[in-house]
Amino acid sequence: TQSYMGTKPDAVVETGRQVRWILAIFLVHLCIEIMVLYFVVQSLDGEQADRLYFPTNLEGAKVVGEVLLSYVDSNYYTLMLGHISSFFFLQTWCIPGTISMNLLGGALFGMKVGFPLCLLLNTLGSVGAYTMSKVFGRELLYKHFPDKLEHVKSLVEGHRSNLLYYMIFLRLFPGSPNWFMNLSFPHFGIPVHYLAVSVLVGLAPWNYFTCKAGLMLSQLKSKSDIVNTEMYLQLMLLAFVFLIPPLVRKALDYKNRQKPE
């Protein structure tokens, strides 16, 4: 890893600088998020507002969803502000809980608004994580995840000729570490618009399924009601569809090379 991090003393100094910048930006963003949520809660009248908290699992999303649904008609745009702020914060800092935000997006705003809103926030948050990593995260990543980075690099280099299709495939395929892709891609020469398109297209089905589940939020009993075998199979099928164009192009290129001069 020394070839990536430079000399050891320089790497230590640079890592410390990056940690300080990341911590400072995180604290500023956290303060903004707290102020937004405080404004949202203060805008809600009644005793129900006391039951609000930051949901990180299905049960939490059900409780918060039940409370917010009683306010959605009278405080529609205030709740949307809170949703936008919270979703962007979680996605930018790779904090688990965006599935709860998708469920709430569907429950509060319906599919016509909730689905495109959640997909857009997923994309913007991924771009935020990408940008933070590009500017401040290189030394930290190579210090703490050298093997993972080398693995991702080998995958990227092996599919450089059909990179966008492959990135969409990775986003669609169940279990892919989206958070690590957001953080690692800027260090392999992948442009930000490739990242944005891969999220916008590749995570669209996941956002659709989870937002749709939010329409029946109160009836959900476990995570298996949202994420099940049928859904995984559909995502895998869609993922492999995006490998077809590169395979066709390779076959055509091979055929053309076999033609006599």
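The chain exposes about 14300 Å², and carbon and sulfur atoms supply 65% of this area (accessible areas come from the Shrake-Rupley method with a 1.4 Å probe; for residues, only the protein chains shown count as cover). This is a predicted model, in which local features need pLDDT of at least 70 and side-chain atom pairs count only at pLDDT 80 or more, while totals for chains, interfaces and linings use all residues. Residues are numbered from 1 along each chain as its sequence is written, and side-chain values use heavy atoms, with hydrogens and water left out.

**Overall architecture**

- The chain has 13 helices and zero strands (helices are DSSP runs of H or I with at least four residues, strands are runs of E with at least two, and both are numbered from the N terminus).
- Along its principal axes, the C-alpha trace spans about 80 × 50 × 25 Å.
- Of the 261 residues in the chain, 43% are buried (buried means under 20% relative accessible area, exposed over 50%, and partly exposed in between, with a 1.4 Å probe and protein chains only).
- Among contacts between residues at least 6 apart in sequence, 78% join residues at least 24 apart (contact means heavy atoms within 4.5 Å).

**Nonpolar cores**

- The largest nonpolar core has 34 residues, of which L79, L103, L217, L220 and I226 touch the most other members (such a core is a set of buried Ala, Val, Leu, Ile, Met, Phe, Trp, Tyr and Cys residues joined through side-chain atoms within 4.5 Å).
- Helices α2, α3 (58-69), α4 (76-92), α5 (98-136) and α11 (204-214) each supply at least two residues of this core.
- Helix α5 gives the most to this core, namely eleven residues.
- A second, separate core of 23 residues includes V152, L183, L195 and A239.

**Two residues in their surroundings**

- M167 lies in helix α8 (residues 163-172) and counts as buried because its relative accessibility is 1%.
- Not counting residues up to four places away in sequence, M167 touches F185, I190, Y194, L195 and S198.
- I22 lies in helix α2 (residues 8-43) and counts as partly exposed because its relative accessibility is 21%.
- Not counting residues up to four places away in sequence, I22 touches W93, M132, F136 and L140.
- The C-alpha atoms of I22 and G97 are separated by 21 Å, and these residues are 75 apart along the chain.
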